[in-house]
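User: I am new to this structure. Please take me through one part of it, the ligand site.

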Amino acid sequence: MTRDAQARVPSRSCQSLICTHRGRETLVACGRLAPRTRWDAMTELTSLNAGNGGETHQTADDDHPVLTTNHGTPVSDNQNQLKAGPRGPVLLEDEVYREKINHFDHERIPERIVHARGSAAHGYFECTESLADITVADLFQRKGQRTEVFTRFSTVAGGAGSIDTPRDVRGFAVKFYTREGNWDLVGNNIPVFFIQDAIKFPDLIHAAKMEADRGYPQAATAHDTFWDFISLMPESTHMIMWAMSDRTLPRTFANMEGFGVHTFRFINKEGKSTFVKFHWKPKAGLASTIWDETVKIAGADPDFQRRDLFDRIGRGDYPTWELGVQLFDEAFANSQPYDVLDATKIIPEEVLPVKIVGRMVLDRYPDNYFAETEQAAFVPSHVVPGIGFSNDPLLQGRLFSYTDTQLSRLGSVNFHQLPINSAKGRAAAAGCPFMNQQRDGHMQMAVPKGRANYEPNSLAKAGEPGGAREDATKGYVTFPSEEEGQKLRIRPESFADHYSQARLFFRSMDPAEQAHIASALVFELSKVSLEHIRVAMLANLRNVDEDLATRVADGLALDLPPASPTAAPVQEMAPSPALRIIRGPLERHTLEGRTVGILIADGTDAAELKSLKKAIKAAGGHAMTIAPKVGKVPLSDGSAIAADAQLFGQPSVTVDACAVVLSEKAAGKLVKEAAAVQWVMDAFGHLKAIGFNAAAKPLLDKAGVEADEGVTDLGDFVEAAKKRYWDREPNVRTLA
Ligand code: HDD
């Protein structure tokens with residue numbers, strides 16, 4: 001009898017009671033509860049619920065401490081509300097129930113207005129090259145010095161419950177718990193931004209997120225309001241080139257670069273300032289997905305990237321990045337054909353090389369998503385001695401916004417006391433995360449002793465604690481840059497060039513990447529319902545590159561409009577091959593950290609499977625067996641293994657390379673199984689290596705796999721599996 005059925009059974013004359021004991025249910029015999037007095041009945045209920053009659057009941061024991069309320073009162077029954085009689089009304093005095101539900105009702109906090117969907121991990125930063133002559137920042141002083149970090153990756157536009165793989169910029173926020181306080185480097189996986197001045201940020205985000213009246217699209221940028229805003233903000237054109245490129249389709253978090261975006265300052269012990277731009281370079285290399293693959297991943301596994309982060313850390317394949325800096329002075333800045341204070345510009349690496357000064361290893365995932373990932377507050381104005389800001393107006397605007405948003409998100413000026421935000425590097429070094437005379441406020445966790453809640457005071461002279469004092473020698477010193485000028489709301493002329501670097505980016509790309517950009521623009525603008533917006537975008541694209549504009553116009557079946565007017569002449573800049581993913585300096589041909597899916601079924605050759613798995617492991621890869629039935633796959637030698645995943649739940653989009661190892665009989669069956677045919681077809685269409693044994697050939701034929709360099713027998717497969725086959729692309733899809 002189900003619980004529902006039982007609950008309906010009791011009649012007035014024959015009461016039955018359901019007790020839940022460790023998830024099991026017992027029907028208490030009718031008649032046993034005939035109450036003598038209310039108190040007797042309560043006592044009896046309690047004893048019944050507390051495990052009479054040999055029923056297993058949850059009790060505090062060596063494995064389980066005593067359950068208590070939030071105020072520490074031990075709880076005797078966590079299964080039933082307090083009632084007046086077994087079938088009577090619930091009593092208001094039930095504090096155990098009220099406290100539990102009251103807490104539950106308030107479990108959610110407002111999600112981040114942007115970057116709501118994210119995943120994070122703990123790790124460390126290690127200085128590999130001292131920067132002691134450039135900055136006093138403690139974490140860069142000594143080679144080998146380690147600093148704890150917490151790093152959160154995010155999408156920008158979607159809500160917390162959206163998907164991991166929309167076409168979107170990814171946040172790349174690092175909190176360094178240095179011995180001199182927390183430094184938050186709150187960057188993205190793209191080195192430029194949409195706008196030059198922070199006052200436009202609310203407009204950008206309103207236009208990018210779901211449309212105000214209809215509440216969709218979630219996470220996607222392919223819609224009217226986004227492209228309307230972009231078409232009217234030519235300064236966003238460089239960022240749009242990046243956003244339409246494969247950069248916004250990262251394979252995993254571990255395969256992304258990160259950038260501080262703005263120009264910052266380092267300040268050394270002589271008080272000298274050096275401008276700096278920060279770069280994170282992934283050890284696993286840059287890798288992206290193909291649009292069709294991305295769309296399918298979103299359906300197959302909306303949590304693909306956060307799962308990968310956890311899996312990698314679980315396997316010991318710790319995501320690792322090198323930290324690089326571009327260092328320059330005022331003279332260099334003045335010699336460039338753009339303004340280093342303009343966040344829509346890069347300094348090409350070919351012009352100013354990136355110097356590697358450290359590495360970050362993420363080796364521990366959070367214990368609790370809410371307490372750590374959700375409550376982490378990243379605040380770009382949180383810097384430490386030796387690090388300062390430039391006058392970039394986007395950066396300056398950000399310095400206000402982030403503290404402000406934490407007040408509504410986390411609800412208190414004391415958000416710095418939450419464990420994830422607490423300055424634990426300083427606590428370890430100086431014995432205390434913070435020392436000052438700020439007091440009280442919502443959710444104050446500290447219990448400061450004494451009366452020194454003001455400064456200066458002379459209480460120490462009377463033997464009382466006097467509290468902390470400033471220290472002009474060790475404290476944070478702002479770089480004393482000289483500033484003067486009229487108060488104006490104006491954009492400098494040096495910010496007027498909106499197209500030269502967009503052109504630089506597009507022309508630096510590999511032809512395959514250029515085709516992806518053109519195709520992405522066609523896709524996105526095809527989803528725009530207002531034709532004048534498409535036309536306005538085409539007019540802007542003509543200033544980037546005629547060929548690009550023509551390809552997009554052709555894909556939209558529109559005539560090319562005249563180019564839009566430019567505020568400054570478009571300059572020809574030398575291409576920067578360092579910007580490429582495909583055939584670029586960070587493309588890695590390797591199996592390290594990557595997953596190879598092996599499709600197996602009844603009768604798969606045990607020896608072939610064993611040697612393939614061994615070879616994948618030897619190459620640093622992770623082998624995942626995938627079968628129509630997950631529990632038990634009988635192999636050719638009479639043995640059987642459990643598969644790692646089931647065919648329908650693990651389409652080939654979720655793995656990096658694909659092997660098919662089947663018996664003739666199983667292949668004969670699988671040619672009639674759409675999921676198996678699609679598994680192979682997608683692997684081919686997504687330009688992945690496919691290794692197969694002879695018996696699997698009919699499945700490859702059914703999937704339309706054509707012979708090429710990436711389609712091999714099992715012997716050559718592991719080597720072939722280390723890369724994607726970009727040359728195959730024109731054979732499998734039409735690109736703009
Ligand atoms: Fe921002 C969050 C990155 C411009 C206002 N931003 C946020 C996060 C990242 C960035 C990675 C998520 C941090 C986390 O994981 O909690 N934002 C950037 C970059 C920008 C940028 C790289 C330009 C270079 N942002 C920007 C501007 C403003 C904001 C110009 C406002 C003037 N950003 C916010 C915010 C958020 C935020 C509303 C939302 C949640 C939060 O701060 O803590 O305040």
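How many residues surround the ligand, and which are the closest?

Analyst: First, the ground rules. This is a predicted model, where local features need pLDDT of at least 70 and side-chain atom pairs count only at pLDDT 80 or more, while totals for chains, interfaces and linings use all residues. Residues are numbered from 1 along each chain as its sequence is written, and side-chain values use heavy atoms, leaving out hydrogens and water.

Now the site. The ligand is surrounded by 23 residues, each with a heavy atom within 4 Å of it. The closest are Arg112, Arg152, Arg398, Tyr402 and Gln406. By class, this shell has 12 nonpolar, eight polar and three charged residues. Here Ala, Val, Leu, Ile, Met, Phe, Trp, Tyr, Cys and Pro count as nonpolar, Asp, Glu, Lys and Arg as charged, and the others, Gly among them, as polar.

Next, the polar contacts (pairs of N or O atoms within 3.5 Å). A polar side-chain atom of Tyr402 is 2.7 Å from a ligand nitrogen. The side chain of Gln406 places an N or O atom 2.8 Å from a ligand oxygen. For Ser401, a side-chain N or O atom lies 3.2 Å from an oxygen of the ligand.

Which elements build the shell? Strand E5 (170-178), strand E6 (181-188) and helix H11 (393-409) give two or more residues each. H11 provides the largest share, six residues. Helices (H or I, at least four residues) and strands (E, at least two) are DSSP runs, numbered from the N terminus.

Notes. A polar contact is a pair of N or O atoms within 3.5 Å; within protein, one must be able to donate a hydrogen and the other to accept it, and residues adjacent in sequence count only if both atoms are side-chain atoms.
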